[in-house]
Amino acid sequence: SAKVIDGKLVSKQIKDEVAEEVARMKEAIGIVPGLAVILVGSRKDSQTYVRSKKKACEAVGIKSYEANLPEDSTEEDVLKHISAFNNDPSVHGILVQLPLPRHMNEETILNAVSIERDVDGFHPLNIGRLAMQGRYPLFVPCTPKGCMELLHRYGVEIKGKRAVVIGRSNIVGMPAALLLQKANATVSIVHSQTKNPEEITRQADIVISAVGVANLVRGSWIKPGAVVIDVGINPVDDPESPRGYRLVGDVCYEEACEVASAVTPVPGGVGPMTIAMLLSNTLESAKRIHNFK
Ligand code: NAD
């Protein structure tokens, strides 16, 4: 049965590596990497994400800054905060927690983050460069970067392989497909309008699924020996769990284990990698800005 790709373990290794580099940088040039997080409104899920990002920063010695703006702020207010962080020498990474309130234009806001500090990799210029041959973004979005990191650290060869990405969102599916292509895979994208998703997915040596539908990808969708990266996080009813639900991925895990050569569990696969990549992007940014090798 399939090897389990342990994202919890890999993310711990990455956090340890980041902590070591943060300490080395502070020691050598007296600079501490800083991450600024802008949160607009009071969505509970967003507050939770922001809190865990802050905690993760503290754990590795990155300084975190926060701007919490009320739901009824204007775009102008948000732009002012972004501009202040852009010009603050102690800030090396800026992220705007999404989704923004409906009255704001996401592109206008993301466009205002300086591309040198765009640690989420959502600035249109960074995305554009990801899509262009021979060009490279300054930052790559954290979740798809985490998927690639898992493939690399488990020694999965990508060059010349067939890959299928299920889902085409701006934050996961689309950049994941671009990254696989940059790594020289031949990539197909399966999405909500795809006619024969099972048949297409079964051609893949590498599958990345980012849809948000529990058990969408069955064992029969997977080519024997394929590597499966499951980004989905879906709550399903579970009367035996104290919370009344548990989290599963997009991929039917038990079935995938029978067919694939390696597979990520949910939870404990891609999930913990996202924040690890954010910390690593922030460190990388501070190193670049201060020309620290
Ligand atoms: P999204 O809703 O923005 O995008 C979903 C994509 O799936 C769309 O592109 C859509 O075309 C496609 N899709 C919908 N139904 C489909 C179907 N039946 N078959 C094939 N494709 C279909 O979602 P997202 O933000 O990309 O997130 C996807 C999943 O990944 C969610 O479960 C989310 O919770 C999870 N997620 C996890 C992390 C993490 O692990 N850190 C980060 C982001 C998202």
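This is a predicted model: local features need pLDDT of at least 70, side-chain atom pairs count only at pLDDT 80 or more; totals for chains, interfaces and linings use all residues.
Biologist: Which domains does the chain have?

Modeller: The assignment gives domain 1 (30–114) and domain 2 (142–270). Such bounds come from an automatic or database domain assignment. Taken over C-alpha atoms, the centres of domain 1 and domain 2 are separated by 29 Å.

Biologist: What does UniProt list for residues 5–120?

Modeller: An unreviewed UniProt entry lists them as "domain: Tetrahydrofolate dehydrogenase/cyclohydrolase catalytic". UniProt positions are given in the numbering used here, feature names are shortened, and annotations may be inferred rather than shown by experiment. The span 5–120 is 51% helix and 16% strand, and its end C-alpha atoms lie 24 Å apart. Helices (H or I, at least four residues) and strands (E, at least two) are DSSP runs, numbered from the N terminus.

Biologist: And for residues 141–288?

Modeller: The unreviewed entry in UniProt has "domain: Tetrahydrofolate dehydrogenase/cyclohydrolase NAD(P)-binding" there. Residues 141–288 are 35% helix and 19% strand, with end C-alpha atoms 18 Å apart.

Biologist: On to sheets. What is the strand order in the open sheet of three strands?

Modeller: The order is S3-S2-S4, and the pairing is parallel. Strand S3 (63–69) and strand S4 (93–96) are the edge strands, each pairing on one side only. On average, neighbouring strands of this sheet are turned by 15° against each other, direction ignored. Two strands pair if DSSP finds at least two bridges between them.

Biologist: How many bridges are there between S2 and S4?

Modeller: Strand S2 (residues 34–40) pairs with S4 over four bridges, in the parallel sense. Ile-38 stands opposite Val-96 in S4.

Biologist: Which helix lies across S2 and S3?

Modeller: Helix H2 (residues 44–60) does, running at about 170° to S2. Contact here is for two residues whose C-beta atoms, placed from the backbone, lie within 7 Å. Axes are lines fitted to C-alpha atoms, for helices over the stretch in contact, and angles run from 0 to 180 degrees between N-to-C directions.

Biologist: What about the open sheet of six strands: what is its order?

Modeller: That sheet runs S1-S11-S8-S7-S5-S6 with parallel pairing. Its edge strands are strand S1 (3–4) and strand S6 (186–190), each pairing on one side only. Inside this order, strand S7 (residues 206–209) and strand S8 (residues 227–230) run parallel and are joined by four bridges. Val-207 stands opposite Val-228 in S8.

Biologist: Changing topic: where are the cis peptide bonds?

Modeller: One joins Leu-98 and Pro-99, with omega about 0°, and Pro-99 is in the loop between S4 and helix H4 (106–112). Another joins Val-266 and Pro-267, with omega about -5°. Pro-267 is in the loop between strand S11 (262–263) and helix H10 (271–289).

Biologist: Which residue has a positive phi although it is not a glycine?

Modeller: Asn-184 does, with phi about 75°. Asn-184 sits in the loop between helix H7 (173–182) and S6.

Biologist: Last topic: how many residues surround the ligand?

Modeller: There are 24, and the closest are Gly-167, Ser-169, His-191, Gly-212 and Thr-274. A residue is near a molecule if its C-beta atom, placed from the backbone, lies within 6 Å of it.

How values were computed
Residues are numbered from 1 along each chain as its sequence is written.
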